[in-house]
Amino acid sequence: MPKENQRVALSKHLLKTGLLNLLQKKHITKISISELCQEAEINRTTFYRHYETPNDVLIDIASDYIKEFRKFSSSLNTSHDMHNEIIQLCRFIYHNSDRAKLLIRNNTNDGITKIFQELCDDFVGTRKILYKGKPVDDDTLRLFNSFFSVGISTLISQWLIEDIPKTPEEIANLICCSLYRDFSFV
């Protein structure tokens, strides 16, 4: 993938920053292109060179967050300690909660669900899974990953949006309690 030139990168950065500022005040559906261009101090022609709608900018912001999250999570994959990895990931989310909340509130939490699905796939892909002591087939594994990734993303979304006073460690423990109830990872 070719690297963006500086002018393109700067224009996108200004638009993303402008959108993040506007999202502090209103929902993505209430933000016009003119308003975003004014906030970013970018003309409409430049906007349309890179995006079609403000939602496209939001998707780009979500993509950046996912890349940052994946980079962080890939540094953890060497530990083979799922509980510790989940604690570290909850800490990452907590310390980047302002951006996560904006993404969740503006209906981009599909990306957050996708992150957890891929993390489950990555983590589980290297281990043998047992359900109540018996090996798990591929279909069960896919269902397991879907169920837990949606559940985890919902739990984390609720924790952040409602400002529930739980530490990242407490949230990780909740996640692990549900994961380890009937499943074991070897």
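**Helix packing and local backbone features in a predicted model**

In the contact between helices α5 and α8, residues C90, I93 and Y94 of α5 meet I156, W159 and L160 of α8, where contact means heavy atoms within 4.5 Å. By class, this contact of α5 with α8 has six nonpolar, no polar and no charged residues; here Ala, Val, Leu, Ile, Met, Phe, Trp, Tyr, Cys and Pro count as nonpolar, Asp, Glu, Lys and Arg as charged, and the others, Gly among them, as polar. The structure is a predicted model, in which local features need pLDDT of at least 70 and side-chain atom pairs count only at pLDDT 80 or more, while totals for chains, interfaces and linings use all residues. Residues are numbered from 1 along each chain as its sequence is written, and side-chain values use heavy atoms, with hydrogens and water left out.

The protein chain contains nine helices and three strands, which are DSSP runs numbered from the N terminus (helices: H or I, at least four residues; strands: E, at least two). Read from the N terminus on, the order of these elements is α-α-α-α-α-α-α-β-β-α-α-β. Of the 186 residues in the protein chain, 42% are buried, a term that means under 20% relative accessible area, whereas exposed means over 50% and partly exposed in between (1.4 Å probe, protein chains only). Among contacts between residues at least 6 apart in sequence, 67% join residues at least 24 apart.

Two packed helices are described by the angle between their axes and the distance between the axes. The axes are lines fitted to C-alpha atoms, for helices over the stretch in contact, and the angles run from 0 to 180 degrees between N-to-C directions. For α5 (residues 82-95) and α8 (residues 138-161), the axes come within 11 Å and cross at roughly 40°. This crossing of α5 and α8 is right-handed, meaning that the near helix is turned clockwise from the far one by less than a right angle, with anticlockwise giving a left-handed crossing. Within α5, the buried residues are M82, E85, I86, I87, Q88, L89, C90, F92 and I93. The 14 residues of α5 should span 20 Å at 1.5 Å a residue, and this agrees with its end C-alpha atoms, which are 20 Å apart; the expected span is 1.5 Å times one less than the number of residues.

The axes of α1 (residues 6-23) and α2 (residues 33-40) come within 8 Å and cross at roughly 110°. That angle makes α1 roughly perpendicular to α2, since angles of 65 to 115 degrees count as roughly perpendicular, under 35 as roughly parallel, over 145 as roughly antiparallel and the rest as oblique. The crossing of α1 and α2 is also right-handed. Their contact is made by L14, L15, G18, L19, N21 and L22 of α1 together with E35, L36, E39 and A40 of α2, and by class it has six nonpolar, two polar and two charged residues.

F47, which is placed in helix α3, is buried, with a relative accessible area of 0%. Leaving aside its neighbours within four places in sequence, F47 is in contact with L15, I33, L36, C37, I42, E52, T53, P54 and V57. The C-alpha atoms of F47 and V57, which are 10 residues apart along the chain, are separated by 9.6 Å.

Most residues other than glycine have a negative phi. E41, although not a glycine, has a positive phi of about 55°; E41 is found in the loop between α2 and α3 (44-50) and is exposed, with a relative accessible area of 73%. D163, in the loop between α8 and α9 (168-180), is a residue other than glycine with a positive phi near 50°.
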